[in-house]
Amino acid sequence: MSDANGRTASEEYTQILVAGGGPVGFVLAYALAKRGISVRVLEAASHCLEDMRASTFHPPTLEMMAELGIIDELEAQGLRAPIYQYCNRETGAAYALDLGEIADLTRYPYRLQCEQFKLARLLAARLEAMPNAHVEFSRRIIHFDQDAAGVSAIAEGPIDVKHYRADYLVGADGANSLVRKLLGVEFDGFTYPESFLTLSTAYPIEQHLPWVADVNYVADPPEWCVLLRVPTLWRVLVPQSAETGDPDILGDARKDAVFRQLLGPDAPTITTEHRTVYRVHQRVAKTFRVGRVLLIGDSAHLNNPLGGYGMNSGIHDAWNLIDKLSKVLLEQADPDRQLDLFDRQRRTITHDFVQTQTIANKAGIGAGFAAREALLRDLQGNAAARRDYLQTTSMLKSITDEAVIV
Ligand SMILES: Cc1cc2nc3c(=O)[nH]c(=O)nc-3n(C[C@H](O)[C@H](O)[C@H](O)COP(=O)(O)OP(=O)(O)OC[C@H]3O[C@@H](n4cnc5c(N)ncnc54)[C@H](O)[C@@H]3O)c2cc1C
């Protein structure tokens, strides 16, 4: 038997049910819980996995972390990188960009290099200590239905199946989002033919590369790589031809070839901490809202990692939705108006900024490097253009652009 709100006694009720405890789902849940809204996060994995994925926090995201009251804890686990650079190894030219030049526009004029699992862990611990929040690990959403009053969901654990009822369900369940699939929302876009290989090492490779900064986009035609530093590791990302089967990509021969290309023929044998290979997509969900079900983060959009916008733009989705859901739940604002606005604002920014910029970034380090280099050369002598470029690439402009979409 269900009551007037469609709830039954056997269902756990919460105002907001979040599918997926990645960085995006946890940011949403924690911010809403801090406002007194009841939240429950269901995460399929048994804990916050220490995988090597996003590791760059851009200035507007750091401002959001400050508003959440976690900036000091996050900074203590990261590395400030005010300067990032593009390098042409063929000619030795380097083009550095310094976020310090826009210190008047943000309290955080740098990238924070910090692995995403550190944010997820920190927020999971905070949520677990809150009376109006619940985090359930090893709990995978397998089905849901919605009606006029709410959403009923079913999730399986290692030994049982549980039933939930919520006012709204938020799909933050990553690239293979079951929530998106069950909604039947199309995921338009394309997949690059090549894979990306990422290697991480504790070896002090800066000792071999006097030109290196903490964040480097390195063209070495026809090769290229991204070289990033986190507090205890260097990360190297290279494209990988689709013809090679995955076991070869992850083998020692390929690893040694990558470091030889980077460090020279006399490079020592480098030990790696992580080796990951993954396919890269540019895809955006047709809508981020179907009734009482919302999509954020990788469940709503995917992009290549050049620029470091995947996790950041997902957190920006969460931030936008936090505002809209708070108005609906705490101020009785009109749900259709608020949630459709969330969809419009974030989908527009995803298409116009995140997709456009990441596709250009990938082209600009590969076949289109000459054009990118010409732009970078111009920027060196043009302070006003450099300031615009920094505002765009730091994502500050995407936040102000989003606010004027009605
Ligand atoms: C190898 C790799 C490298 C990357 N590098 C970068 C980078 O350098 N910079 C960058 O910005 N981005 C990078 N990305 C992308 C970035 O990691 C994502 O954009 C970011 O993780 C998105 O966060 P999310 O919370 O939306 O999704 P996720 O972090 O994927 O979290 C989704 C969570 O949902 C859980 N889940 C899935 N299905 C269910 C279900 N049915 N029920 C309950 N839980 C479920 C999963 O276990 C997972 O924990 C990389 C991605 C990969 C794969």
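Predicted model: local features only at pLDDT ≥ 70, side-chain atom pairs only at ≥ 80, totals over all residues.

Trainee: In what sense do strand β5 and strand β13 pair, and over how many bridges?
Mentor: Strand β5 (residues 83-88) and strand β13 (residues 215-220) pair in the parallel sense over five bridges. Two strands count as paired if DSSP finds at least two bridges between them, and strands are DSSP runs of E with at least two residues, while helices are runs of H or I with at least four, all numbered from the N terminus. Residues are numbered from 1 along each chain as its sequence is written.

Trainee: What makes β6 and β19 edge strands?
Mentor: The open sheet has eight strands in the order β6-β5-β13-β14-β15-β12-β16-β19, with mixed pairing. β6 (93-98) and β19 (301-302) each have a single partner strand, so one side of each lacks a neighbour in the sheet. Helix α9 (residues 335-365) packs on this sheet, touching β13, β14 (223-230), β16 and β19. Contact here is C-beta atoms, placed from the backbone, within 7 Å.

Trainee: Which strands stand at the edges of the three-stranded sheet, and why are they called edges?
Mentor: That open sheet has the order β3-β7-β4, with antiparallel pairing. β3 (56-57) and β4 (79-81) each have a single partner strand, so one side of each is left without a neighbour. Three bridges join β4 to β7 (residues 111-113), and Ala81 stands opposite Arg111 in β7.

Trainee: How do you know how α1 and α4 are packed?
Mentor: The axes of α1 (residues 23-34) and α4 (residues 116-128) come within 9 Å and cross at roughly 30 degrees. Those axes are lines fitted to C-alpha atoms, for helices over the stretch in contact, and angles run from 0 to 180 degrees between N-to-C directions. The crossing is left-handed: that label applies if the near helix is turned anticlockwise from the far one by less than a right angle, and right-handed applies if clockwise. The residues of this contact divide into 11 nonpolar, one polar and one charged. Ala, Val, Leu, Ile, Met, Phe, Trp, Tyr, Cys and Pro count as nonpolar, Asp, Glu, Lys and Arg as charged, and the others, Gly among them, as polar.

Trainee: Which residues come nearest to the ligand?
Mentor: Of the 34 residues around the ligand, Gly20, Gly22, Gly174, Gly297 and Gly310 come nearest; a residue is near if its C-beta atom, placed from the backbone, lies within 6 Å. Helix α8 gives the most to the shell, with four residues. The shell divides into 14 nonpolar, 15 polar and five charged residues.

Trainee: What makes the bond between Pro221 and Pro222 stand out?
Mentor: Their peptide bond is cis, with omega about 5 degrees. Most peptide bonds are trans. Pro222 is in the loop between β13 and β14.

Trainee: How do you know whether the radius of gyration agrees with a compact globule?
Mentor: The globule rule is 2.2 Å times the number of residues to the power 0.38, with the radius taken over C-alpha atoms. With 406 residues, a compact globule would have a radius near 22 Å, and the chain has 22 Å, so the two agree.

Notes: Contact = placed C-beta atoms within 7 Å.
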